[in-house]
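Subject: Structure handover

Hi,

Here is the structure I promised to pass on. Please open it and keep it in view while you read. My notes follow below.

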Amino acid sequence: MTTTHQYSDCSFCGGTVKEEHTDLDYRYRGNLYIFQNVPAGVCQQCGEKYLTADVAKRIEQKIKTNERWEKTIPVPVEDFSEVSFV
Ligand SMILES: [Zn+2]
């Protein structure tokens, strides 16, 4: 993408949001997807990520069309209510 989107300040901490290519965890209908090198606004202070409507649409389109994926990785899961804090 050549156009740089102008992001407003972070709605969590008020920090500056700059466009970067970043890895993104995306949850859709209970599944977790990881997109790499996504152009997104990243808060320079707290790291919160912001997607433009266009990028979010392309991500959901990719998930819905169910094409081949680059790769699938196992993701470790832990239920915190099962962990005893001693
Ligand atoms: Zn922030």
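Strands here are DSSP runs of E, at least two residues long, numbered from the N terminus. Asparagine 37 lies in one of them, strand E2. Bear in mind that this is a predicted model.

**Overall picture**

The secondary structure comes to 1 helix and 3 strands. Along the sequence, the order is β-β-β-α. The radius of gyration is 16 Å, well over the 12 Å that the globule rule gives for 86 residues, so the protein is more spread out than a compact globule. Taken along the principal axes, the C-alpha atoms fill a box of roughly 45 × 40 × 20 Å. Buried residues make up 7% of the 86 residues. I also looked at contacts between residues at least 6 apart in sequence. Of these, 46% join residues at least 24 apart.

Some background first. Most residues other than glycine have a negative phi. Two residues here are worth a look on that score.

Start with arginine 29. Its phi is positive, about 50 degrees, and it is not a glycine. Where does arginine 29 sit? It is found in the loop between strand E1 (17–28) and strand E2 (31–43). Arginine 29 counts as exposed, because it has 6 C-beta neighbours inside 10 Å and the cut-off for exposed is 12 or fewer.

Now go back to asparagine 37. This residue is not a glycine either, yet its phi is positive at about 55 degrees. Is asparagine 37 buried or exposed? With 10 C-beta neighbours inside 10 Å, asparagine 37 counts as exposed.

**Isoleucine 63**

The last stop is in the helix. Isoleucine 63 belongs to helix H1, which covers residues 53–65. It is partly exposed, because 16 other C-beta atoms lie within 10 Å, and that count falls between the cut-offs of 12 or fewer for exposed and 20 or more for buried.

Which residues does isoleucine 63 touch, leaving out those up to four places away in sequence? They are Tyr28 and Tyr33.

Best wishes

How values were computed: Residues are numbered from 1 along each chain as its sequence is written. This is a predicted model: local features need pLDDT of at least 70, side-chain atom pairs count only at pLDDT 80 or more; totals for chains, interfaces and linings use all residues. Helices (H or I, at least four residues) and strands (E, at least two) are DSSP runs, numbered from the N terminus. Two residues are in contact if their C-beta atoms, placed from the backbone, lie within 7 Å. The radius of gyration is taken over C-alpha atoms; the globule rule is 2.2 Å times the number of residues to the power 0.38.
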